[in-house]
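Subject: Handover of a structure, with notes on what was found

Dear colleague,

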Amino acid sequence: MGMIANYQYLSNENLNEMKHFNGEEDEIFEEVEDWNEEAEILLDIDKMWDVLHFVLTGVDSSEPIEGNPLSEAVVGVTSLEEVSEFIAYIEKDRVADIIFALENFDIDAALENFSMEACKKAELYPDIWDKDVDVEGIKKEIYICFKEMIDFYKQILEANGNVLVTIY
C-alpha cells in the first residue's frame, strides 16, 4: 500500500476537538478516520504529496516551510505532535493565502524543470525515481494533483471551512 495524503473539510467543531486533543493517540486517529468517511469535501492525492511539495517549494515535505502557503497547502500549518500518523490542520484564515499562492505558481515552468534525478537525490516518497518510470506520466500526475488542490481549496473557501491534512 504506502502512505497517501488526504485533504478534507474540517468543521469548526472538529477543529476545536483537534486543538484540545489530549487523549490517546488511537482515539484521535479513529476520529479522523470517521471524519474522512463523512467528509463533504475531500481530496486524495495518493502518494504524490512529497513530490508535489518538492515541485512547489524545492524541498521535501519533511522540511515544511513555516509561513509558506505553498508548503502549507501540502502539509498543513499545525501538526499534532503526539501522534505517530501525520495529522495537521489549516485554519480558515489561511485558505485564501494558499489559493493565491497556488494560483500564482507557474506549474508549467516547474514541470519543465522537473528532474527524476533531483527527486532521487532528495529521497522523495515514493521511492520510484531511479526506476524505469514514465516521466511524462509522472509530470501529468503532478499537474493533475496541483489543479485538483486548487479546486479543493476553493471549495473549502466557499464553504468557509478549515482543512484537515492526513498522511498515512
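How many of the five residues of E4 are buried? Please bear in mind throughout that this is a predicted model. In E4, four of the five residues are buried, so this strand is largely enclosed by the rest of the structure.

The sheet around E4

The sheet is open and is formed by five strands in the order E2-E1-E5-E4-E3, with antiparallel pairing. At its edges stand E2 (42-46) and E3, each of which has a single partner strand, so one side of each is left without a neighbour in the sheet.

On one side of E4, the pairing with E3 is antiparallel and extends over two bridges, and within it Ser79 stands opposite Ala88 in E4. These two strands, E3 and E4, form a hairpin, with six residues between them. E4 is also joined by five bridges to E5 (residues 162-167), again in the antiparallel sense. Ala88 has Val165 as its bridge partner in E5, and Tyr89 has Leu164 as its bridge partner in that strand.

E5 itself is mostly covered, since six of its six residues are buried. Asn162, Leu164 and Thr166 point one way from E5, whereas Val163, Val165 and Ile167 point the other way, and all of them are buried. In general terms, the side chains of a regular strand alternate between the two faces of the sheet.

E5 is joined to E1 by six bridges, and the two strands run antiparallel; here Asn6 stands opposite Thr166 in E5. E1 (residues 5-10) is in turn joined to E2 by four bridges, also antiparallel, and Asn6 stands opposite Asp44 in E2. Asn6 therefore faces a residue in E5 and a residue in E2.

The helices

Helix H3 (49-57) has eight of its nine residues buried, so it is largely enclosed by the rest of the structure. The buried residues of H3 are Trp49, Asp50, Val51, Leu52, His53, Phe54, Val55 and Leu56. Just after H3 comes Gly58, which takes a positive phi of about 90°.

In helix H1 (residues 12-19), the residues Asn14, Leu15 and Met18 are buried. Seen down the axis of H1, these buried residues fall within an arc of 105°, so they line one face of the helix.

The largest pocket

The largest pocket has a volume of about 320 Å³. It is lined by 24 residues, of which Ser61, Ser62, Pro64, Val75 and Phe86 are the closest to its centre. By class, the lining of the largest pocket has 11 nonpolar, seven polar and six charged residues.

Which elements each supply at least two residues of this lining? They are helix H3 (49-57), helix H4 (69-75), strand E3 (78-79) and strand E4 (86-90), and H4 gives the most, with three residues.

The cysteines

A disulfide is, in general, a covalent bond between the sulfur atoms of two cysteines. This structure holds zero disulfides. Cys119 is buried, with a relative accessible area of 0%, and Cys145 is likewise buried, with a relative accessible area of 6%.

With kind regards

Methods: Residues numbered from 1 in each chain as written. Predicted model: local features only at pLDDT ≥ 70, side-chain atom pairs only at ≥ 80, totals over all residues. Heavy atoms only, no water. Buried < 20%, exposed > 50% of the residue type's maximum accessible area, 1.4 Å probe, protein only. Arc of directions from axis to C-beta. 1 Å grid on protein atoms, 1.4 Å probe; cavity = no way out; pocket = protein on both sides within 12 Å on 5 of 7 lines; lining within 4 Å. Points joined across faces, edges and corners; volume = space filled by probe spheres on them. Nonpolar A, V, L, I, M, F, W, Y, C, P; charged D, E, K, R; others polar. Disulfide = S-S within 2.5 Å. Pairing = 2+ DSSP bridges.
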